[in-house]
Amino acid sequence: MKQKLKLLGNTTSGQIFISSMLVMAIAFLCIGGYLYKNMSGYILQQSSKYIEITVKQAQERFNSSLTEMDSSLQRLCNDLAVQTILNDYNQNASFSSESFSTLRLKTMNTINYADNLESIELYSKKAQIYPYTKEPLSDAIPETALALADEYNGKAVWLLSESESGGGHTIMAVKRILLADYAFEHGGYVVVHLKPDLMDSIAQDLNALGDCTLELTDCAGARVSYGKTLKDMNPEAFERNYQLADSTSSYSGWTFSIYIPKELTSNDISWMSGIVIYGFLIGTGVFLICSLFIARMISKPLSDMRKSMVIADGKLQANDRHYSNSDINELNIHYNALVEKNNRLIEQVFEKELLRTKAEITALQSQVNPHFIINALESVYWSLIQKNDMDNAGILMAMAKLFQYILKGSDRITIDQELTFVEQYLQVEKFRFGDRLTWEYQVEPEVRSIQIPKLLIHPLVENSMKYAVETTSSPVHIVIRIVENGDGCVISVTDNGPGIDQETMERIQESFKKTNPVGSVSGSYGLANLYKRIKLYFEKSSELTIESEPGSRRTTVTMRIHTNNLS
């Protein structure tokens with residue numbers, strides 16, 4: 001008997017069977033105990049996630065309804081006729097029957113357009129003008145609502161209110177009207193009351209969770225509850241018997257809180273744990289039986305197949321041997337088919353890798369375009385605000401040229417074309433910073449015709465705008481220098497700004513090491529994006545370096561590219 005056991009331990013099939021038994025015994029003791037111990041927590045966690053998702057979905061539908069009504073409300077506030085009536089009333093306290101008819105038509109159209117709107121009230125700075133009651137503003141609208149509307153300054157404030165029909169709650173919105181056609185002056189307020197249907201639908205959506213309590217809290221702290229009252233329960237009993245799931249909306253400021261009895265989430269723990277344990281035991285037995293059978297079946301073919309599994313020239317080699325055993329021959333046929341399939345997959349993976357690299361380059365390029373458009377629009381915006389000139393045709397013309405360049409279909413241009421684009425960008429920034437911004441070009445004529453990817457030089461100039469011009473009130477001079485260097489060129493941008501501090505420099509350098517650095521530095525695409533792009537376009541030999549010390553009055557960003565390797 002001892003001899004037989006020793007012989008069994010020396011064979012491949014015996015070793016596979018014994019190892020499987022030991023592994024499965026240890027696995028059962030460890031995994032089975034672990035699963036039994038943690039299953040209850042897992043079930044509770046999954047139940048909590050489901051409830052949280054349900055609460056968030058209900059709040060998203062709630063926010064969607066509010067957003068739709070807010071859009072209708074904004075159209076009413078921006079209506080030229082409404083703004084004219086409000087401005088005239090605030091200036092002259094004049095209100096004609098024609099004005100009343102106009103407001104009635106506008107408000108009725110708005111109510112008909114939005115399903116959940118019940119009524120709309122319009123107020124001047126001091127009194128109600130629709131319906132025309134002349135009721136003082138302080139009497140018609142609660143002081144808290146007015147304060148929030150003034151604080152939000154044009155954004156709708158959604159608040160709980162008593163239903164006009166009685167017996168429940170509804171939602172009201174207070175919005176401060178800004179007269180866009182009159183230099184955005186304060187024109188008055190609009191107050192809307194929603195139908196109770198919206199609140200009822202929220203409660204009905206969460207009734208599917210069972211015997212739960214729903215509590216809604218608006219942005220002013222007012223609350224309303226649906227379901228079982230929990231006010232009289234002491235904190236210890238509440239913690240033992242109930243679980244809280246809540247979600248606060250960044251749009252409306254409302255908080256949805258749902259209190260779920262823990263017994264609803266723990267009913268299935270006992271029988272679920274039993275099913276898992278018994279299933280694991282049955283699976284273990286089946287696995288051990290199959291392991292013994294498979295071990296005996298594959299012991300001899302393993303030896304022959306091992307000898308044929310040789311990789312040459314990066315590919316698997318087929319086994320041309322023929323065996324008298326039909327099982328081994330069938331296994332060999334499948335192995336040869338697997339070798340052929342793997343070799344095809346290797347070629348496909350290689351081709352897909354090339355396509356992935358090109359797609360990644362295209363994705364990075366597409367991220368740069370909207371990023372700069374936003375920055376350019378911000379420059380135009382601030383220029384118009386500072387100069388109080390809404391018809392500044394010069395800025396709009398420069399921006400039109402920038403858009404035309406960015407939206408151009410070709411992704412490769414000459415350095416001369418890129419410099420033309422940079423010049424347009426600097427001209428736009430000139431409107432913003434005036435005489436504080438000057439620049440010059442030091443470009444060798446030989447490099448102007450070199451082909452490069454679009455928007456390659458601009459991020460360097462934009463970096464100087466961000467860390468030099470925008471951070472100081474002193475004059476800043478930017479030097480753009482491009483020289484030929486072997487099979488490529490060296491592009492550098494130098495400014496005499498205050499320099500980049502050590503913490504920001506470390507974050508920039510760290511972003512270069514990340515697999516996907518875009519947007520990792522100060523929320524911008526900038527240098528991290530540019531670093532990734534030159535590595536994809538010009539291979540690993542290209543580089544991007546930054547030289548800057550705070551207080552040195554000199555920052556230089558240098559890019560060395562080998563244009564002969566442009567892919």
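The chain's secondary structure comes to 16 helices and 18 strands. Keep in mind that this is a predicted model. Here's the rundown, from the whole chain to single pairs of residues.

**The chain overall**
- Of the 567 residues in the chain, 41% are buried.
- Take the contacts between residues at least 6 apart in sequence: 65% of them join residues at least 24 apart.

**Salt bridges**
- Asp70 pairs with Lys175, with 3.7 Å between the closest N and O atoms. This pair ties together distant parts of the chain, 105 residues apart: Asp70 sits in helix α2 (residues 12-78) and Lys175 in strand β4 (residues 169-179). Asp70 and Lys175 are both buried.
- Glu543 bridges to Arg560, the closest N and O atoms being 3.4 Å apart. Here strand β17 (residues 543-548) supplies Glu543 and strand β18 (residues 555-561) supplies Arg560, 17 residues apart. Glu543 is partly exposed at 34% relative accessible area, and Arg560 is partly exposed at 33%.
- Glu215 and Arg223 meet through their side chains at 3.9 Å, N to O. Glu215 is buried, with a relative accessible area of 14%, while Arg223 counts as exposed at 57%.

**Cysteines**
- The disulfide count is zero.
- Cys489 is buried, with a relative accessible area of 1%, whereas Cys219 is partly exposed at 23%.

Technical notes
Residues numbered from 1 in each chain as written. Predicted model: local features only at pLDDT ≥ 70, side-chain atom pairs only at ≥ 80, totals over all residues. Heavy atoms only, no water. Disulfide = S-S within 2.5 Å. Buried < 20%, exposed > 50% of the residue type's maximum accessible area, 1.4 Å probe, protein only. Helix = DSSP H or I, 4+ residues; strand = E, 2+ residues; numbered from the N terminus. Contact = heavy atoms within 4.5 Å. Salt bridge = Lys/Arg side-chain N within 4 Å of Asp/Glu carboxyl O.
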